[in-house]
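This briefing covers charged side chains and how they pair. The sequence and structure come first, followed by notes grouped by topic.

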Amino acid sequence: MNEKVLKTLEYNKILNQLSEYACSPEAKKRCLALRPITDKAQIEQLQLQTKDALSRLFRCGNLSFSGVHSVNDSLKRLEIGASLSAAELLSICSLLEAAKRVKAFSRSEKEEVPDDSLTGFFTEIEPLTPLYDEIKRCILAEDEIADDASSTLRSIRRSMRGMNDRIRAQMNNMINNSTTRSYLQDAVITMRDGRYCLPVKAEAKSQIPGMVHDQSSSGSTLFIEPMAVVNLNNEYKELLLKEKDEIEKILENLSRLTANFSEQIATDYTILAELDFIFAKAAYAQTYNGVAPTFNNEGYLHIKKGRHPLLDKKKVVPIDVMLGRDFKLLIVTGPNTGGKTVSLKTVGLLTLMGQSGLHIPASERSELGIFEEVFADIGDEQSIEQSLSTFSSHMTNIIRILKKVNDHSLVLFDELCAGTDPTEGAALAISILSRLHLYGARTMATTHYSELKVFALSTPDVENACCEFNVETLSPTYRLLIGIPGKSNAFAISEKLGLGKDLIEDAKTRISENDENFEDLLADLEKSRVTIEKEQAEINRYKQEIQSLKERLEQKQEKLDASRDKILRDANEEAFRILKEAKDVADETIRNFNKYGKANAPMSEMEKERTRLRDKMNASQKKLADQKKNAVPNHKVPKKLQIGDTVKVISMNLKGTVHTLPNAKGDLYVQMGILRSLVNINDLILIDEDSPMMTGAKANKTGAGKIRMSKSATISPEINLIGKTTDEAIALLDKYLDDAYLSHLGSVRIVHGKGTGALRNSVHTYLKRQKHVKSYHLGEYGEGDAGVTIAEFK
């Protein structure tokens, strides 16, 4: 891909923005060096990697690659047996820490993350935890080695601290001596060349015997090492040398240990840099809601709701562009500042981004062709250095394009052949476009020439397009309309800007009749298009309403069918029960009469049996009458329910308490003793406390109502499950959450302790299944940390 078009279409700005999302220097370098490719399989693999990385970001949150620095130079030094410095070892340690973090990211919510194109990368990462821990244990900072790095170093430093105390004690005695203090410039102990000294006045040099190590810039102060501490300082110096030797041994041992894992460290660095690059592309796509387009080798592109990525996403107007299937040449016309150039750049830039493995800011199922070259002649090409006019410079660029273009090229022209005589420019533009059309190149050109509009209308495989202009407001809408030539609207825009009407009318008389008729035809086409669009929008609205009514009718029919089936099933069951009961009675009656007949039983016994059967039939008849009496076929549906209201569920013949408010479909939860069921509001009767349906008004006034009020007033915002088994804890938690939810608590605090984590995991698993729990998280600092979970209700 030629570098000139990358600059013309501002592809370099995309890369600069992309590099800001990379952490490691290597990944930033790769971002800035990213270029479009032409291999379809490779492009699709890059797009898949970006897509999978974006999915992981949505599922698991952001991933940081901080600490990933190149360690190749250090690894080469290890190959030749050299020892690494503390800074180099810490750099390797930082790399391993990043590997550990990235590995943990891949394991988070593992049961919900399926294998994808990045799984192999994450699998090959090895954090080398033992090496990481050993380096962290021994090296605290670039210039600080831990005392516990070795027993020898710990012993040396213990001796150094003792020697330091002895030297300071000796020198403090000298400072505290009134005679000696009078010879000192300041009563302090200083260090010079690693030896303890006193700041002595120059004139009192002979009064304090010792070795002079330094003097002040003015010469008034000499820094003397008193003879009394020379031997102690010598011993301290020896300890310093021993400490240095021991530190070198420690670094040498750590270097040998690191050399054993040099291949894995190199692999970790390569994979982390690659993942950093891939996740940078994903994070960048996340900012502009990018999607992965589909690709073809036929040079066909269909961008749906495409947006220029460098424009404000809140203000940019999406465009739909098709090119390469029904037509290979698209001529875009319309007024200045109407969005023609932006549309041109959007097509070119999205093509370059897609072939680079970047998601594009467009809608799903957008399609791009794969082009070997993209050519663009956009903007002011005037060259003062080469003494070229704007037209000459553009023409030089067009000639260069014509020499290289083929049927696998995408060519973009902005104001083709402008800047010269309009008649000659239009003729030249038609010739150039015809040649490109002959070559089979996909071409998109913007122009103001009416001749090009006619050329598009009269030439097969060539299509017009325009950037929509609102004549009523005299302002562009920036929508790209394919199939419709646009008007320049020069007269309307000039009038809006304040040009005199007399000048505009005079200008209209100076255009040819054919041109005027053609512009009038375009105006009529535009009016017809607007009318058709309005009618189409109205038709679509009617279709949506019809579809909505159809769905509602189908749902209602399904409910009726289900209700009918239930009624028939219940009726058949009841009929079967009645028939069975009648058969049993008949059998028993026959047996009794046979028994009484054979035994010559008296008539009184037979009369008693008849009376018993008659009483049983009367009881059944009375039960049916009571059921009809208690039925409420046309009950009043409650209008305004509140949580805590007492209702009767007709279908279940049970009383309960409203647990949630009805949703849009009228469904709500009702608590009936230990049963909590989802019912429809049409199946409820609101029971007042004074209603005769309430058995015992006084009992209600002093019973359930008070219980609910008491529970709401006394429920604790915290439950302690420590010491409970998992089953005991979940049973207690289930009842407690129901009570807390009924009491309208916003959130509750569940104390489960840290321990082995089994109780905490059980609580989290239970909370995840509760529909009335909005979210939950472990306690923050001051709330109980990992021993407490905070749950919030919906």
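**Salt bridges and a buried aspartate**

Glutamate 3 is partly exposed, with a relative accessible area of 46%; partly exposed lies between buried (under 20% relative accessible area) and exposed (over 50%), with a 1.4 Å probe and protein chains only. This is a predicted model, in which local features need pLDDT of at least 70 and side-chain atom pairs count only at pLDDT 80 or more, while totals for chains, interfaces and linings use all residues. Residues are numbered from 1 along each chain as its sequence is written, and side-chain values use heavy atoms, with hydrogens and water left out.

**Salt bridges: count and rule**

- Side chains of opposite charge can pair when their charged atoms come close.
- A salt bridge is taken as a side-chain nitrogen of Lys or Arg within 4 Å of a carboxyl oxygen of Asp or Glu.
- The count by this rule is 18 salt bridges.

**Arginine 35 and glutamate 3**

- A salt bridge joins the side chains of arginine 35 and glutamate 3, at 3.2 Å from N to O.
- Arginine 35 sits in the loop between α3 (25-32) and α4 (40-60), and glutamate 3 in helix α1 (residues 3-8), so the pair links distant parts of the chain, 32 residues apart.
- Helices (H or I, at least four residues) and strands (E, at least two) are DSSP runs, numbered from the N terminus.
- Arginine 35 is partly exposed, at 32% relative accessibility.

- Aspartate 147 and arginine 157 form a salt bridge whose closest N and O atoms are 2.6 Å apart.
- Because aspartate 147 lies in the loop between β2 (144-145) and α9 (151-176) and arginine 157 in helix α9, the pair ties together parts that are 10 residues apart in sequence.
- Aspartate 147 is partly exposed at 30%, whereas arginine 157 is buried at 13% relative accessible area.
- A network of salt bridges links Asp147, Arg157, Arg161 and Glu243.

**Arginine 256 and glutamate 252**

- Their side chains meet in a salt bridge at 3.2 Å, N to O.
- Both residues lie in helix α11 (residues 230-259), four residues apart, about one turn of the helix.

**Aspartate 377**

- Aspartate 377 is in strand β12 (residues 373-377).
- Aspartate 377 is buried yet has no salt bridge, and the nearest side chain of opposite charge, lysine 4, is 6.6 Å away.
- For charge, Lys and Arg count as positive and Asp and Glu as negative; His and the chain ends are not counted.
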